[in-house]
Amino acid sequence: MKMRMVEMEWEKLGFGPVSTDFMYSMKCCEDGNLTHYGNIQFSPFAAVLNYGQGIIEGLKVNRKEDGRLLLFRPDQHALRMKMGAQRMCMPSPSIHQFIHAVKQTALANIRWVPPPGKGSLYIRPLLIGSGPVLGQDKTPLSLYVEEEEVRAFSGGVGGVKSVSNYWPVLKALVRAKSLGFSDVLYLDSVNKKYLEEVSAANIITLKGNVISTPPTSGTILPGITRKSIIEIARGLGFQVEERSISVHELTEADEVFCTGTAVGVAAVGSVTYRGTRFEFKVGENTVCQALGSTLVGIQTGLIEDKKEWIFNIHQLFYHI
């Protein structure tokens with residue numbers, strides 16, 4: 001039985017989203033299946049939402065005069081997805097699975113393929129991290145200075161809390177963890193010598209009475225915890241400098257710590273650079289501990305909030 005084409009003014013068809021009848025879904029490279037087109041559902045903790053772990057592809061389906069459907073080099077699109085998945089630390093469908101899924105999607109939506117010369121059906125394969133991922137180490141950190149991969153570059157979105165900033169650095173993080181480190185310290189993309197950030201936190205150093213941290217000049221996220229610690233430190237009499245810090249200067253610091261909403265104020269126990277491990281003071285009676293305790297005290301209401309940082313949530317009703 002020949003399926004009738006969709007009634008549409010094909011001559012006026014533009015390039016934009018058009019909902020067809022079916023879509024193809026598969027999970028963790030298992031065999032997939034066709035389902036009616038609709039929304040997809042996953043956890044609010046999903047990696048694609050929180051860390052931008054996702055890859056897209058795009059192929060066109062064209063119709064010949066004899067009614068056959070044509071795909072142009074789908075194997076190359078499959079290979080490109082596999083390469084992208086490897087870089088983003090994701091499992092990916094095999095070339096056969098990819099081509100099979102695209103073919104099934106095209107055939108199921110055959111009535112949406114325009115007549116010859118009137119346009120194409122654009123198919124958009126998506127590979128997304130749908131599993132829940134959210135976490136942060138709580139012990140003193142051991143950082144590895146990364147010299148190959150960069151977290152951000154001038155003119156990009158490194159200074160924005162965009163989901164696109166997180167998963168691209170996972171390759172370096174996975175490599176560092178496999179070597180026994182807890183996180184990665186990234187350098188600037190131009191000189192590869194100045195500190196930028198840890199994977200998801202700002203970096204701060206202490207030398208004597210001077211606290212230093214890289215400036216938020218476009219490639220570094222202006223962290224709220226970072227900003228708060230700077231104000232607390234100045235109130236406690238420390239000299240605070242926001243300036244470029246070379247990795248060599250870092251190795252001479254008394255203390256090093258990271259700041260972020262998730263990690264709070266986390267002490268860095270060691271930094272390894274070009275095979276040499278540099279250790280820093282951690283634990284009791286450190287500036288890191290003092291600053292962190294003050295911040296938590298304000299956040300939890302145990303210390304008076306003189307800066308009007310706390311917003312009260314007034315409870316009218318409370319039900320278990």
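Modeller: Buried area is the accessible area, found with a 1.4 Å probe, that two parts lose on being put together, summed over both. The model is a predicted one, in which local features need pLDDT of at least 70 and side-chain atom pairs count only at pLDDT 80 or more, while totals for chains, interfaces and linings use all residues. Residues are numbered from 1 along each chain as its sequence is written, and side-chain values use heavy atoms, with hydrogens and water left out.

The domain assignment of the protein chain gives domain 1 (22–128) and domain 2 (141–300), such bounds coming from an automatic or database assignment. Between these two domains about 820 Å² is buried, and carbon and sulfur atoms give 67% of that area. On the side of domain 1, the residues that lose the most area to domain 2 are Y51, R87 and C89, which together make up 62% of what that side buries.

R87 also forms a salt bridge with E149, with the closest N and O atoms 2.9 Å apart; the term stands for a side-chain nitrogen of Lys or Arg within 4 Å of a carboxyl oxygen of Asp or Glu. The count between domain 1 and domain 2 is 1 salt bridge. As for the side of domain 1 that touches domain 2, its largest share, 4 residues, comes from helix α1 (residues 47–50), where a helix is a DSSP run of H or I with at least four residues, numbered from the N terminus.

Key:
Helix = DSSP H or I, 4+ residues; strand = E, 2+ residues; numbered from the N terminus.
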